[in-house]
Amino acid sequence: MKYSVVAKKDAKSHAVEEKIKERLQSSGWIYDKAEPQLVICVGGDGTLLYGVHQYLHRISEVNFLGIHTGTLGFFTDYTEEELEECLHDVLEKEPVIFESGLLKIKLDNNPNPYYALNEMRVENIVKSQIMDIYVDGEFFETCRGSGICLSTQAGSTAYNRSLGGAVIDCGLSLMQLAEITAIQHSKHRSLGNPYIMMENRHVTMKSETFDTAILCYDHLNVPLEATKEIYCEMSNRKVRFARYRHYSYLRRLKNLY
Ligand code: NAD
């Protein structure tokens with residue numbers, strides 16, 4: 001079996017990484033950074049997001065497993081204290097694969113799409129951002145404020161939750177649109193509530209200018225200078241999580257608060 005390790009840049013995570021390599025190597029596994037079958041992410045949810053983006057080009061051939069060096073996270077199934085159990089499971093058990101869809105984001109001035117496991121956000125902290133939102137090509141509303149967040153089911157517990165968005169049960173595939181500090185007054189109103197929509201819809205954001213806005217996708221970001229239109233849909237790419245033991249969604253959720 002070929003594997004690689006993506007570790008957070010701290011001493012604790014590095015020590016866990018070394019133990020994993022030692023143990024898997026002595027069991028005949030091959031460390032292959034370029035073409036791994038299993039990517040073990042050591043750190044937190046952020047490390048897993050980083051790992052996913054590192055292997056986007058081979059996403060359908062890679063399984064991910066997260067080990068937390070703090071407390072249990074959403075994408076991490078074991079803590080560092082459970083490392084022995086984790087390595088035993090990895091070496092002895094067949095994992096159940098849980099798939100999570102990636103959001104695809106396309107800008108009108110860039111041929112290369114971006115992908116997000118959690119969410120995409122258009123954020124403007126410099127000026128109030130005005131943008132028209134279209135769902136399946138039909139005008140939905142004009143948003144004014146600091147921006148919008150379009151999250152996946154997996155991202156519903158991340159930034160979306162801080163915006164008052166709903167937590168979405170695992171197994172449901174959909175998109176959730178939430179405004180970021182929306183301006184509401186007598187001359188302008190928008191829905192104000194998060195809008196949960198079917199996964200096969202597409203959302204377009206149009207503006208005369210996104211010049212001081214930033215596109216944030218997972219832990220990454222790009223400036224939106226010269227962009228006029230942003231198109232989002234659920235892609236057919238999926239992140240494959242290798243689950244070696246049962247760790248329920250409710251338990252993951254209860255760890256959050
Ligand atoms: P980060 O890696 O420091 O993560 C910020 C926090 O979000 C961490 O506590 C992490 O465990 C948690 N998180 C990430 N994905 C999650 C998920 N799917 N469910 C529950 N918790 C999750 O921050 P970053 O590198 O700037 O961005 C990574 C992600 O962190 C973003 O995709 C965003 O969703 C989230 N984030 C959330 C907030 C917020 O809630 N206000 C702010 C910044 C980033």
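**Entry 1: what kind of model**

I am working with a predicted model, so I keep that in mind on every page.

**Entry 2: who sits around the ligand**

I began with the shell. Which residues come nearest to the ligand? Out of 16 residues around it, I found that Asp45, Asn118, Glu119, Thr157 and Ser162 come nearest. Sorting the shell by class, I counted 7 nonpolar, 5 polar and 4 charged residues.

Next I looked up distances between N and O atoms. For Glu119, an N or O atom of the side chain is 2.4 Å from an oxygen atom of the ligand. For Thr157, the side chain again provides the N or O atom, and a nitrogen atom of the ligand lies 2.7 Å from it. Ala154 takes part through its backbone, where an N or O atom is 3.0 Å from a ligand nitrogen. On its own the ligand has 760 Å² of accessible area, and the protein covers 61% of that.

**Entry 3: which elements build the shell**

I wanted to know which elements give two or more residues to the shell. They are helix H2 (45-54), strand E8 (119-123) and helix H4 (159-162). H2 has the largest share, with 3 residues. Then I checked the domains: domain 1 (1-92) and domain 2 (101-235) each supply at least three residues to the shell around the ligand.

**Entry 4: cysteines**

How many disulfides does the whole structure hold? My search returned 0. I picked Cys41 to see why. The sulfur closest to that of Cys41 belongs to Cys86 and is 11 Å away, so the pair is too far apart for a bond. Cys216 is in no disulfide either, and the nearest cysteine sulfur there is that of Cys149, at 9.6 Å. For comparison with the cut-off, a disulfide needs the two sulfur atoms within 2.5 Å.

Are these two cysteines buried or exposed? Cys41 is buried, at 1% relative accessible area. Cys216 is buried as well, with 11% relative accessibility.

Most residues other than glycine have a negative phi, which is the reason I wrote down the next two.

Asp136 is not a glycine, yet its phi is positive, at about 55 degrees. I located Asp136 in the loop between strand E9 (129-135) and strand E10 (138-151). Its relative accessible area is 35%, so I logged Asp136 as partly exposed.

Asp218 also has a positive phi without being a glycine, this time about 50 degrees. Asp218 belongs to the loop between strand E14 (214-217) and strand E15 (220-223). Is Asp218 buried or exposed? At 6% relative accessibility, I filed Asp218 under buried.

**Entry 5: sequence gap against distance in space**

I took Asn109 first, in the loop between strand E6 (96-107) and strand E7 (110-116). Asn109 is partly exposed, at 38% relative accessibility. How far in space is Asn109 from Glu229? The two are 120 residues apart in sequence, and their C-alpha atoms are 8.2 Å apart.

Then I turned to Arg243, which is placed in strand E16 (residues 229-243). Arg243 is buried, with 18% relative accessible area; the label applies because the value falls under 20%. From Arg243 to Ser156 I count 87 residues along the chain and 20 Å between the C-alpha atoms.

Finally I looked at Ala178, in strand E11 (residues 174-182). Ala178 counts as buried, at 3% relative accessibility. His202 is 24 residues from Ala178 along the chain, and 15 Å separates their C-alpha atoms.

Definitions and conventions
Residues numbered from 1 in each chain as written. Predicted model: local features only at pLDDT ≥ 70, side-chain atom pairs only at ≥ 80, totals over all residues. Heavy atoms only, no water. Buried < 20%, exposed > 50% of the residue type's maximum accessible area, 1.4 Å probe, protein only. Near = heavy atom within 4 Å. Polar contact = N/O pair within 3.5 Å; in protein donor to acceptor, adjacent residues only side chain to side chain. Areas by Shrake-Rupley, 256 points an atom, 1.4 Å probe, with all protein chains shown as cover. Helix = DSSP H or I, 4+ residues; strand = E, 2+ residues; numbered from the N terminus. Nonpolar A, V, L, I, M, F, W, Y, C, P; charged D, E, K, R; others polar. Domains from an automatic or database assignment.
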